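Q: Hi! Could you walk me through the strands in this one?

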Amino acid sequence: MAATYNVAVFEGDGIGPEITAPTIEILTAMAEISSEYAFSFEHLPAGAAHYAKTGESLPKASLEAARKADAILLSAMGLPDVRYADGTEISPQIELRKAFNLFAGLRPVRIAEGGLTPLRMPKGKSVDFVLIRESTEGLFFSQGIGEVSHGEARETLRITRDVSEKLFAFAFNLARARKEQGPGRGNVTCVDKANVFRAFAYFRDIFDAEAARHPDLSFDHAYVDATALWMVQKPWMFDVLVTENMFGDILSDLGAGLMGGLGVAPSADIGLHKAVFQPCHGSAPDIAGQGRANPFAMILSGAMMLDWLGLKHDVPAMCRDAARLRDGIDAQIAARRGLTADLGGTSTTPQASQGLASMLFART
């Protein structure tokens, strides 16, 4: 009998529920057709709208249910007119990262043939790299507790050896897996600002120590400003990038732009035991309820969840279905059919997801 995996679902704010529903429908259908695994989805309250009603952004009961789940599927969170007392955004996703020590934020950047990229791609070049953003400390460490006075404001950047060692070990292991599976060269680039900040020189030293443990792989370094330039000029040079929290936050949106926008940008935040999967984009309350939201980033985040669960629990069918999801969206974009307005199309959210479902399940 196929094992059932419990997935904690946070529908989020704004367009969150609209893109979560088709994602769950497609994941459920894939599991049923496969018959080698099954899902149980548990919907949990959290987010800005919930905070506005109750004063809680992430209830303790929701956190504990997520702790017990096999994986966490998180939709877009936050509303521009709902803030904590200090003026910062409602961000349960950051609370989850810290609560479960989800130190590795994965932001894949892929430009498939026929993809909607603003780049002029040279013949024979392809883009397929992963940006790993440390997700629990860095410049986000003092979120909500920064020092503000009339004359100045301060935030604390924190880099620890414990988290950095785990982060870099994860990066090199991912580079090895990518090399074995085909899309990668087995190279890891440490992105920092070690020429200016002692904290980043420390970060780089820890990286180099981990690199020495992987003689079968290659490594190099790049300053963050140069990396931003090269991501535009020659992104095909990258394989696995690993960087601090704030740098990763900024570069991941640049990566989304290379792929055609945030509507096709998935993400995962992974720790030693838990993982959260979430689209990179925001809640877009200005189009909520209008059927205009692009569901692809959420569905692709679901594909990342399939990959993670499949590798963790040795269920190859999950990994195969993850690849089918990615290939299906690539084909839909290349054909310029079933696309929402952000990708230059005229389809509604249901039409985009139904077009993908029709492609996926036509021959099953």
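This is a predicted model: local features need pLDDT of at least 70, side-chain atom pairs count only at pLDDT 80 or more; totals for chains, interfaces and linings use all residues.

Q: Great. Let's start with β4: how many of the residues of strand β4 are buried?
A: Seven of the eight residues in β4, which spans residues 104–111, are buried, so the strand is largely enclosed by the rest of the structure.

Q: And in which sense does β4 pair with β5?
A: The two pair in the antiparallel sense, with eight bridges between β4 and β5 (residues 127–134). If you want a spot to look at, proline 108 has valine 130 of β5 as its bridge partner.

Q: What about β4 and β11, how many bridges join them?
A: Three bridges, and β4 and β11 (residues 268–270) run antiparallel. Here leucine 106 is partnered by alanine 268 in β11.

Q: Switching topic to β1: do β1 and β2 pair in the parallel or antiparallel sense?
A: Parallel: β1 (residues 3–10) and β2 (residues 37–43) share seven bridges.

Q: Through which helix does the chain cross from β1 to β2?
A: Through helix α1, residues 16–34, and this β-α-β crossover is right-handed.

Q: Nice. And how many bridges are there between β1 and β3?
A: Four bridges, with β1 and β3 (residues 71–74) pairing in the parallel sense.

Q: Which residue in β3 is the bridge partner of valine 7?
A: Alanine 71 is the β3 partner of valine 7.

Technical notes
Residues are numbered from 1 along each chain as its sequence is written. Side-chain values use heavy atoms; hydrogens and water are left out. Buried means under 20% relative accessible area, exposed over 50%, partly exposed in between (1.4 Å probe, protein chains only). Two strands pair if DSSP finds at least two bridges between them. A crossover is right-handed if, with the strands pointing away from the viewer, the path from the first strand over the helix to the second runs clockwise.
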